[in-house]
Amino acid sequence: MAKIIRAQRARKPTVRSSPKKSAKKPVAKPPARAAKRSLKAQKPWTPAEVREAFERFRKANPEPKGELEHLNPYTLLVAVVLSAQATDAGVNKATRALFAVADTPQKMLALGEEELRDYIRTIGLYRTKARNVIALSEKLISDFAGQVPRTRAEIESLPGAGRKTANVVLNMAYGEHTLAVDTHVFRVANRTGLAPGKTPLEVELGLEKVIPAEFMLHAHHWLILHGRYTCLARKPRCEVCLINDLCRWPEKTV
């Protein structure tokens, strides 16, 4: 009998529980966001709209001024070089005392790099900037008779000076119709759709194409001030914007 029971147990198929297949959960897709229209896909500003915008800027501020304090083309050049990755207010605080003792390349060299660092140490990257200011002062004396040159290429050849620096100096010191594209101008041009571009140079060339010549002398100041005080990066003040009815930004609050 025991043999029969053992034989039956032997014949009984072993039921193995098959591993449960883990049910594939659907991958959660990110919540659908309202597709933002590309500024380039938007309707470009008409010449009449561009003129209207700059007419309003001019009426509100007929003679806009740059906020970097300076005494002459040389101190303007130095101030712009120092302003890279720094605020105008911070640069002004440092240069008031500096320019009182060194307002020419010759005086800056006499001051020396070490003492120059003491004047500008509150400015970001002050060591590198001090080195550049001394080097550009030497080059101005050796190559340009101590004078700030009047062409973009020559200014760009100076240590620490790029295209934006050259455009600011040419515009503010020599009255050239150049347009410096800083972070504020770049934001305003793209956000409003006035001159969309992926790079500062692309924006600069785009603005030059659309802005009428009569506004070019002050154009970059109007745009900088607009970006600095109205078309803010995080919370643009659309409710007080002079050009909110012309602006193409799909997220404007008015």
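Buried residues account for 40% of the 254 residues in the protein chain. Keep in mind that this is a predicted model, so treat everything below as a tour of a computed structure. The secondary structure comes to 12 helices and 0 strands. Follow the chain along its sequence and the pattern reads α-α-α-α-α-α-α-α-α-α-α-α. Now take the contacts between residues at least 6 apart in sequence: 60% of them join residues at least 24 apart.

## Helices that pack together

Two packed helices are described by the angle between their axes and the distance between the axes. Here are two pairs to look up in the structure.

| Helix pair | Angle between axes | Axis distance |
|---|---|---|
| H4 (residues 88-101) and H6 (residues 113-120) | about 145° | 8 Å |
| H10 (residues 183-192) and H11 (residues 200-210) | roughly 65° | within 10 Å |

Let's start with the pair H4 and H6. Which residues of H4 meet H6? On the H4 side they are Ala94, Ala97, Leu98 and Val101, and they meet Leu116, Tyr119 and Ile120 in H6. The residues of this contact divide into 7 nonpolar, no polar and no charged. An α-helix has 3.6 residues a turn, so residues three or four places apart point the same way.

On to H10 and H11. Is their crossing left-handed or right-handed? The crossing of H10 and H11 is left-handed. From H10, the residues Val185, Phe186, Ala189 and Asn190 meet Pro200, Val203 and Leu207 from H11. Sorted by class, this contact has 6 nonpolar, 1 polar and no charged residues.

How many of its 10 residues are buried? The count is 8, which makes H10 mostly covered. The buried ones are His184, Val185, Arg187, Val188, Ala189, Asn190, Arg191 and Thr192. As for partners, the buried residues of H10 pack against H11 and H12.

Rolling a probe the size of a water molecule over the atoms shows where empty space is left. The largest pocket holds about 420 Å³ of space. It is lined by 22 residues, and those closest to its centre are Ser83, Asp88, Asp182, Ile224 and Arg228. The elements that give two or more residues to this lining are helix H9 (163-174), H10 and helix H12 (216-229). Which element gives the largest share of the lining? That is H12, with 5 residues. By class, the lining of the largest pocket has 8 nonpolar, 8 polar and 6 charged residues.

Then there's the cavity. The structure holds 1 cavity of 30 Å³ or more, and about 80 Å³ of space lies in the largest cavity. Its lining takes 13 residues, and nearest its centre lie Cys231, Pro236, Cys238, Cys241 and Cys247. Split by class, the lining of the largest cavity has 6 nonpolar, 4 polar and 3 charged residues.

## A few single residues

Lys139 sits in helix H7 (residues 126-144). Take Pro159: Lys139 and Pro159 are 20 residues apart in sequence, while their C-alpha atoms are 8.4 Å apart in space.

Next, a look at backbone angles. Most residues other than glycine have a negative phi, and most peptide bonds are trans. Gln85 has a positive phi of about 55° although it is not a glycine. Where is Gln85 placed? You'll find Gln85 in the loop between helix H3 (73-82) and H4. Gln85 is exposed, with a relative accessible area of 75%.

Ala145 also isn't a glycine, and it has a positive phi of about 55°. Ala145 lies in the loop between H7 and helix H8 (152-156). With a relative accessible area of 65%, Ala145 is exposed.

How values were computed:
Residues numbered from 1 in each chain as written. Predicted model: local features only at pLDDT ≥ 70, side-chain atom pairs only at ≥ 80, totals over all residues. Heavy atoms only, no water. Axes fitted to C-alpha atoms, helices over the stretch in contact; angles between N-to-C directions. Helix = DSSP H or I, 4+ residues; strand = E, 2+ residues; numbered from the N terminus. Left-handed = near helix turned anticlockwise from the far one by under 90°. Contact = heavy atoms within 4.5 Å. Nonpolar A, V, L, I, M, F, W, Y, C, P; charged D, E, K, R; others polar. 1 Å grid on protein atoms, 1.4 Å probe; cavity = no way out; pocket = protein on both sides within 12 Å on 5 of 7 lines; lining within 4 Å. Points joined across faces, edges and corners; volume = space filled by probe spheres on them. Buried < 20%, exposed > 50% of the residue type's maximum accessible area, 1.4 Å probe, protein only.
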